[in-house]
Amino acid sequence: MRILFNYTITPVLCAAMVIMAVVVFVKQQKIDDLTHRLELVQKTAEARKIMVEEARLLQKAKNMSPVRTVTVTAYNPSTEQCDDDPLIAASMRKVRSGTIAVSRDLFDQGWVFGRKVRIEGLGIFEINDLMNKRYHQRIDIFMWDESRAKEFGRKNIKAALLDI
C-alpha cells in the first residue's frame with residue numbers, strides 16, 4: 001500500500017497542485033486584463049464628461065466677438081517649448097506648418113481644435129495646439145525653424161475666428 005501511495009498517488013497529487021497553480025495564474029492574468037479594461041473605460045468616461053463640459057462652454061462662447069487683438073508669437077517643436085513629445089500637439093495630431101496654438105482662455109471661448117483663424121497680415125491658420133496655462137489672449141504660430149521663430153518675435157495683431 002505504501003508503495004502504491006509513494007509511486008502513484010503522490011505524483012498525481014503533485015500534478016494536480018501544479019495544474020491548480022497554472023489555473024490560478026491564468027485567472028489572475030484575466031483579472032488583471034479586466035482591471036486594465038475597466039480603468040480605460042473610466043478614463044474614457046472622464047474624457048467624455050470633459051468634452052460635454054467643453055461643448056457647454058463653446059455654446060456659451062458663441063455670443064462673444066470672434067475678432068480681437070492678441071499677442072502673436074512663434075514656437076517650434078522642442079521639449080523646452082512643448083511637452084515630452086513635441087511632435088504631437090494637444091489635439092493629438094502631428095504638428096505641422098500652417099497651424100497655431102492658442103491660449104486656454106481663447107480655447108474656452110470657442111477657439112478650439114480644427115477651427116480656422118485669420119491673423120492680420122499673416123494669413124489663415126488652423127488651431128492644432130494649446131499653450132501653457134500662464135498665457136492669456138495669445139496665439140503661437142508653429143514653425144519648424146527655431147531661428148525663424150525667434151526672429152518672428154512678439155507682435156500685437158488682430159485675429160479673427162472664422163466660420164469656415
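Predicted model: local features only at pLDDT ≥ 70, side-chain atom pairs only at ≥ 80, totals over all residues.
Biologist: In what order do the six strands close into a barrel?

Modeller: Strands of a sheet pair through backbone hydrogen bonds, either parallel or antiparallel. Here the order is E1-E5-E2-E4-E3-E6, with mixed pairing. From one strand to the next, the twist averages 45°.

Biologist: How many bridges join strand E2 to strand E5, and do they run parallel or antiparallel?

Modeller: E2 covers residues 99-102 and E5 covers residues 138-142; three bridges join them, and the two run antiparallel. Val102 is found opposite Ile139 in E5.

Biologist: How many aromatic pairs does the structure hold?

Modeller: Three aromatic pairs are present. One of them joins Phe107 and Phe113, with ring centres 5.0 Å apart and planes at 55°. Planes over 60 degrees apart would count as edge-to-face and those under 30 as stacked, so this pair is tilted.

Biologist: Are Phe107 and Phe113 buried or partly exposed?

Modeller: Phe107 has a relative accessible area of 9% and is buried, whereas Phe113, at 31%, counts as partly exposed.

Biologist: Why is the pair of Phe142 and Trp144 edge-to-face?

Modeller: Their planes stand at 85°, so the pair is edge-to-face, and the ring centres are 4.9 Å apart. Phe142 is buried at 3% relative accessible area; Trp144 is partly exposed at 48%. Ring pairs also bring in Tyr75, linking Tyr75, Phe142 and Trp144 into a cluster.

Biologist: Which ring does the charged end of Lys155 sit over?

Modeller: The charged end of Lys155 sits over the ring of Phe152, 4.1 Å from the ring centre.

Terms used:
Residues numbered from 1 in each chain as written. Heavy atoms only, no water. Pairing = 2+ DSSP bridges. Helix = DSSP H or I, 4+ residues; strand = E, 2+ residues; numbered from the N terminus. Axes fitted to C-alpha atoms, helices over the stretch in contact; angles between N-to-C directions. Phe/Tyr/Trp six-rings, centres within 6.5 Å; stacked < 30°, edge-to-face > 60°. Buried < 20%, exposed > 50% of the residue type's maximum accessible area, 1.4 Å probe, protein only. Lys NZ or Arg CZ within 6 Å of the ring centre and 35° of its normal.
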